[in-house]
Amino acid sequence: MFEQAIASRMGLLHTESAFQILAKARALEAEGRSIIHMEIGQPDFKTPQNIIEAAYKAMNDGYTGYTPTPGLPESRKAIADYAAAHKGIVTSPEEIVIVPGGKPVMFYTMLMLVEPGDEVICPNPSFPIYESCINFAGGKAVSLPLTSKNDFRLDVDYFRNLITPKTKLVIINNPSNPTGGVFEKEDIEAVAEILKDRPDIFIMSDEIYDRLVFDGNVVSIAKYPEFKDRTIILDGFSKTYSMTGWRLGYGIMHKELAAHMEMLMVNSNSCATAFNQIAAIEALTGPQDMVEVMKNAFKERRDWLVAALNEIPGVNCCLPKGAFYVFPDISSFGISSDEFADRMLNEAGVAAAAGTAFGAYGEGYIRLSYATSLDNIKAAVERISGFTKKL
Ligand code: PLP
């Protein structure tokens with residue numbers, strides 16, 4: 001009805017299909033079907049109680065109004081201290097902008113840096129909202145393919161060849177959604193080496209899963225002094241502290257860039273929720289044992305799931321080092337990822353995302369989120385195994 005009225009730029013935006021699959025799965029459930037949910041990327045744990053109590057107390061203490069646009073000074077300070085302790089990055093409160101979730105950092109980064117015609121190097125497969133935001137800003141997403149052949153790590157030569165005079169921004173997501181793969185220290189150093197003579201190229205480093213690394217740690221490119229000022233770190237509370245619905249994230253960037261992000265914030269959100277910002281301090285400075293409990297549970301599930309998937313003839317799954325996704329190769333079945341995921345939902349009652357929901361290079365894969373109980377995972381593997389026998 002309003003087709004003529006809608007601004008053409010709206011056609012540049014794409015959705016996140018995990019939410020669409022969830023809606024389909026819920027519709028099947030409403031018909032009485034049993035569905036195991038492995039499509040959505042949110043931890044299946046309650047937010048730790050100390051954080052909930054801190055928010056409740058903050059509400060009672062009057063933190064219910066607007067805050068300064070980039071965030072409360074004490075919350076920005078807690079984030080700066082956290083970045084020093086956990087990422088090894090020396091920063092300060094004026095380099096922090098607190099926003100409602102991790103997602104706004106990607107949207108604002110594209111809006112403030114990308115001009116029509118600019119190229120943004122973007123891993124493929126990757127979080128679909130990157131490309132959507134790049135397109136919205138008028139930029140061109142240039143794919144950096146990730147494949148299971150090298151455990152979804154950086155292909156250094158391929159990356160080098162993607163750089164052109166038009167390259168404005170490079171996106172790193174470490175560990176990665178949807179692959180669970182990790183760029184090792186030498187991959188990050190290779191990126192740094194390639195970009196060292198191009199100070200006009202910025203980096204958006206999405207580190208939202210950086211506390212969910214099972215073997216060792218990941219390194220932020222912002223740790224290298226010559227990259228600190230041209231890197232925008234995206235991080236937040238959704239995954240580490242199981243706070244997806246709180247909508248709380250932040251960007252870390254040079255204070256001149258932070259002023260522009262603040263301008264986008266004042267024009268869209270005014271500020272992030274006040275009492276959540278106080279709870280954020282408790283999350284970052286309070287006991288971290290629940291983060292470890294969650295990580296250990298994810299690791300146990302990952303180990304079980306990868307071994308079980310590899311027992312299914314035709315399925316090939318590498319061991320992801322981080323996040324809470326596996327990205328098995330299902331290409332041997334000779335049907336598209338889309339058809340595989342669709343039929344697996346309809347015929348076997350297991351909801352998962354097609355690899356192509358994350359870009360063309362996701363063809364031949366599906367993404368399963370193991371942010372669900374081990375019992376559910378075991379039941380899902382049994383269903384997947386039965387389903388693949390019929391293909
Ligand atoms: N970055 C990646 C790679 C993600 O997978 C997600 C969420 O799934 C986000 C950012 C956004 O997180 P938030 O829910 O805090 O906006």
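This briefing describes the overall build of the protein and then some of its strands, loops and backbone features. The model is a predicted one, and it contains 13 helices and 12 strands. A compact globule of 391 residues would have a radius of gyration near 21 Å, and the protein has 21 Å, which agrees with that expectation.

**Overall build**

- Along its principal axes, the C-alpha trace of the protein spans about 60 × 55 × 55 Å.
- Of the 391 residues, 57% count as buried, and the accessible surface of the protein comes to about 16600 Å², with 53% of that area belonging to carbon and sulfur atoms.
- Among the contacts between residues at least 6 apart in sequence, 75% join residues that are at least 24 apart.
- The protein carries 37 positive and 49 negative side chains, and the centres of these two sets lie 1 Å apart.

- Strands of a sheet pair through backbone hydrogen bonds, either parallel or antiparallel.

**From strand 5 into helix 7**

- Not counting residues up to four places away in sequence, E184 touches R153 and K321.
- In helix 7, the buried residues are D187, I188, A190, V191, A192, I194 and L195, and the buried residues of this helix pack against helix 6 (156-162), strand 5, strand 6 (202-206) and helix 8 (225-228).
- An α-helix has 3.6 residues a turn, so residues three or four places apart point the same way.

- An open sheet is formed by 3 strands in the order 9-12-11, and the pairing is antiparallel.
- The edge strands are strand 9 (325-326) and strand 11 (353-354), each of which pairs on one side only.
- Strand 12 (residues 366-369) is joined to strand 11 by 2 bridges, with R367 of strand 12 as the bridge partner of A353.
- Strand 9 is likewise joined to strand 12 by 2 bridges, in an antiparallel arrangement, and Y325 stands opposite S369 in strand 12.
- From strand 12, I366 and L368 point one way while R367 and S369 point the other way, and all of these residues are buried.
- In a regular strand the side chains alternate between the two faces of the sheet.

**Cis peptide bonds and positive phi angles**

- Most residues other than glycine have a negative phi, and most peptide bonds are trans.
- A cis peptide bond joins N124 and P125, with omega at about 10 degrees, and P125 lies in the loop between strand 3 and helix 5 (128-136).
- S270 is not a glycine, yet it has a positive phi of about 70 degrees; S270 lies in the loop between helix 9 and helix 10 and, at 29% relative accessibility, counts as partly exposed.
- A323, also not a glycine, has a positive phi of about 60 degrees; A323 is found in the loop between helix 11 (289-311) and strand 9 and, at 0% relative accessibility, counts as buried.

**N269 in the loop between helices 9 and 10**

- N269 lies in the loop between helix 9 (255-266) and helix 10 (274-285), and it is partly exposed, with a relative accessible area of 34%.
- Leaving aside neighbours within four places in sequence, N269 is in contact with P100 and Y108.
- The C-alpha atoms of N269 and S92, which are 177 residues apart along the chain, are separated by 23 Å.

Key. Residues are numbered from 1 along each chain as its sequence is written. This is a predicted model: local features need pLDDT of at least 70, side-chain atom pairs count only at pLDDT 80 or more; totals for chains, interfaces and linings use all residues. Side-chain values use heavy atoms; hydrogens and water are left out. Helices (H or I, at least four residues) and strands (E, at least two) are DSSP runs, numbered from the N terminus. The radius of gyration is taken over C-alpha atoms; the globule rule is 2.2 Å times the number of residues to the power 0.38. Buried means under 20% relative accessible area, exposed over 50%, partly exposed in between (1.4 Å probe, protein chains only). Contact means heavy atoms within 4.5 Å. Accessible areas come from the Shrake-Rupley method with a 1.4 Å probe; for residues, only the protein chains shown count as cover. Lys and Arg count as positive and Asp and Glu as negative; His and the chain ends are not counted. The place of a charge is taken as NZ of Lys, CZ of Arg, CG of Asp or CD of Glu. Two strands pair if DSSP finds at least two bridges between them.
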